[in-house]
Amino acid sequence: MIYRVIIIGTILIHTSKTMAQDELDLFLQAGVKDAGLVVQNYLKPVFEGVGYGYTNGWYHTAKAHETLGFDISVSGNIAFIPQSNLTYTFNNADYTNIKLSNTTSAELPTVLGPYIKSERPEVTFYNDGEEIVRTTAPPGAINLKEEIGFNAVPVPMIQAGIGVIKETDVIIRLIPPISFGEDAGKVSMFGYGVKHNIGQWIKLLDYSGVDVSFLTGFSHLKVSADLSEEDDPVTSNNEGVFKINGFVLQGIVSKEYIKVFTIYGAVGYSRAGSRTQILGIYPIDPDFEQLPVDPIDLKYGNGSMNLTAGLRVRIVALTFSTAFTLQEYPVLSLGLGVSVR
């Protein structure tokens with residue numbers, strides 16, 4: 001059941017390691033309130049990391065295209081997970097049917113945290129105050145540092161921009177609908193933005209060769225997974241859905257040198273809101289209270305001021321770009337594309 005919801009996040013970071021289903025089923029059986037809080041804390045770095053990743057990489061210069069000029073690129077943003085978000089604090093006082101057995105508070109790994117079973121404290125599950133079962137807390141499913149060498153979430157995409165009027169670009173970015181198989185889920189993303197060169201209205205900047213623009217962009221990501229159980233018609237319509245809506249507003253400055261190198265920087269604000277739903281009917285152990293239909297519906301929202309510095313290299317029409325954005329989740333952006341004025 002719940003373990004497949006983790007795939008909603010792990011699809012995005014291209015890993016196949018998942019956690020034990022039986023351990024996570026217990027948390028769902030503990031009730032909507034307790035299960036929702038566990039899932040919220042457990043998956044937080046995936047939601048926030050992916051959200052920050054999709055609000056970056058919109059540009060590699062402040063200069064806008066000429067009318068009908070365009071660029072097409074493939075890019076990847078790597079959102080680095082803060083050390084503090086590899087674990088979360090579990091407090092007994094926050095839960096009704098789940099309690100740490102030998103203490104009242106402990107640090108547990110998030111989904112991107114370390115997989116160290118020996119360090120997980122014992123947890124007791126209750127129903128109406130009666131002890132039902134004891135087990136260990138769910139493990140961190142992915143030790144990112146061990147898997148890929150650093151704690152980060154890669155976020156790929158395709159992007160295109162076209163010049164319209166008055167040194168204004170319209171930008172579209174997307175991931176076409178992709179299916180990862182019947183059990184793995186589907187992912188798609190669409191975004192749009194506008195970049196306008198305000199330097200054209202300021203004579204001093206217009207003559208200096210420095211381009212100054214502002215950019216605003218919006219994006220929507222959706223990942224879904226089939227949560228039905230094999231040979232169980234009751235769960236045939238069960239589904240997990242993960243959505244992120246991102247917004248970014250930035251002021252950009254750039255300077256081109258010998259028509260090859262462009263140095264650029266930006267300052268602004270980005271925000272990502274996400275929603276995770278577990279939809280359908282989930283029969284559970286009779287020792288626990290039956291869950292309602294569509295038991296989990298979690299919403300997140302986080303935002304951060306940001307500061308970006310980058311470099312673009314252009315050889316004829318081919319462009320290579322890299323940038324680093326300093327914010328709550330720092331992001332490294334890499335891009336390869338074609339640009340025609």
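User: Which strands does helix 3 lie across?

Analyst: Helices (H or I, at least four residues) and strands (E, at least two) are DSSP runs numbered from the N terminus, and contact means heavy atoms within 4.5 Å. Here helix 3 (residues 32–54) lies across strand 1 (70–80), strand 7 (152–163), strand 8 (168–179), strand 9 (186–197), strand 10 (210–226), strand 11 (239–257), strand 12, strand 13 and strand 15 (331–340). Helix 3 runs at about 15 degrees to strand 13. Such angles run from 0 to 180 degrees between N-to-C directions, with axes being lines fitted to C-alpha atoms, for helices over the stretch in contact. This is a predicted model, in which local features need pLDDT of at least 70 and side-chain atom pairs count only at pLDDT 80 or more, while totals for chains, interfaces and linings use all residues. Residues are numbered from 1 along each chain as its sequence is written, and side-chain values use heavy atoms, with hydrogens and water left out.

User: In what order do the ten strands close into a barrel?

Analyst: Strands count as paired if DSSP finds at least two bridges between them. The barrel order is 1-7-8-9-10-11-12-13-14-15, with antiparallel pairing. On average, neighbouring strands of this sheet are turned by 20 degrees against each other, direction ignored.

User: How many bridges join strand 12 to strand 13?

Analyst: Strand 12 (residues 261–279) and strand 13 (residues 296–315) are joined by 18 bridges and run antiparallel.

User: Which residues have the most contacts inside the largest nonpolar core?

Analyst: In soluble globular proteins, nonpolar side chains tend to be buried together. A nonpolar core is a set of buried Ala, Val, Leu, Ile, Met, Phe, Trp, Tyr and Cys residues joined through side-chain atoms within 4.5 Å. Buried means under 20% relative accessible area, exposed over 50%, and partly exposed in between (1.4 Å probe, protein chains only). The largest core in this model has 48 residues, and Val50, Tyr54, Tyr88, Phe90, Ile98, Leu112 and Leu221 have the most contacts inside it. Helix 3 contributes the most to this core, with ten residues. A second, separate core has ten residues, among them Trp58, Tyr59, Ile252 and Ala323.

User: How many salt bridges does a search of the whole structure find?

Analyst: A salt bridge is a side-chain nitrogen of Lys or Arg within 4 Å of a carboxyl oxygen of Asp or Glu. The search finds three. One joins lysine 195 to aspartate 169 at 3.8 Å, N to O. Lysine 195 lies in strand 9 and aspartate 169 in strand 8, so the pair ties together parts that are 26 residues apart in sequence. Both lysine 195 and aspartate 169 are buried.

User: What does arginine 312 form a salt bridge with?

Analyst: Its partner is glutamate 256, with the closest N and O atoms 3.8 Å apart. Arginine 312 is in strand 13 and glutamate 256 in strand 11, so this pair ties together parts 56 residues apart in sequence. Arginine 312 is buried at 1% relative accessibility, whereas glutamate 256 is partly exposed at 29%. In another salt bridge, aspartate 297 meets arginine 275, the closest N and O atoms being 2.7 Å apart. That pair links strand 13 (aspartate 297) to strand 12 (arginine 275), 22 residues apart. Aspartate 297 is partly exposed at 39%, and arginine 275 is partly exposed at 31%.

User: How many aromatic pairs does the structure hold?

Analyst: Rings of Phe, Tyr and Trp (its six-membered ring) pair if their centres lie within 6.5 Å; planes under 30 degrees apart count as stacked, over 60 as edge-to-face and the rest as tilted. The structure holds six such pairs. The rings of tyrosine 52 and tyrosine 329 have centres 5.3 Å apart and planes at 25 degrees, so the pair is stacked. Tyrosine 52 belongs to helix 3 and tyrosine 329 to the loop between strand 14 (318–326) and strand 15, 277 residues apart. Tyrosine 52 is buried at 1% relative accessible area, and tyrosine 329 is buried at 0%. Ring pairs also link Phe190, Tyr192, Phe218 and Phe247 into a cluster.
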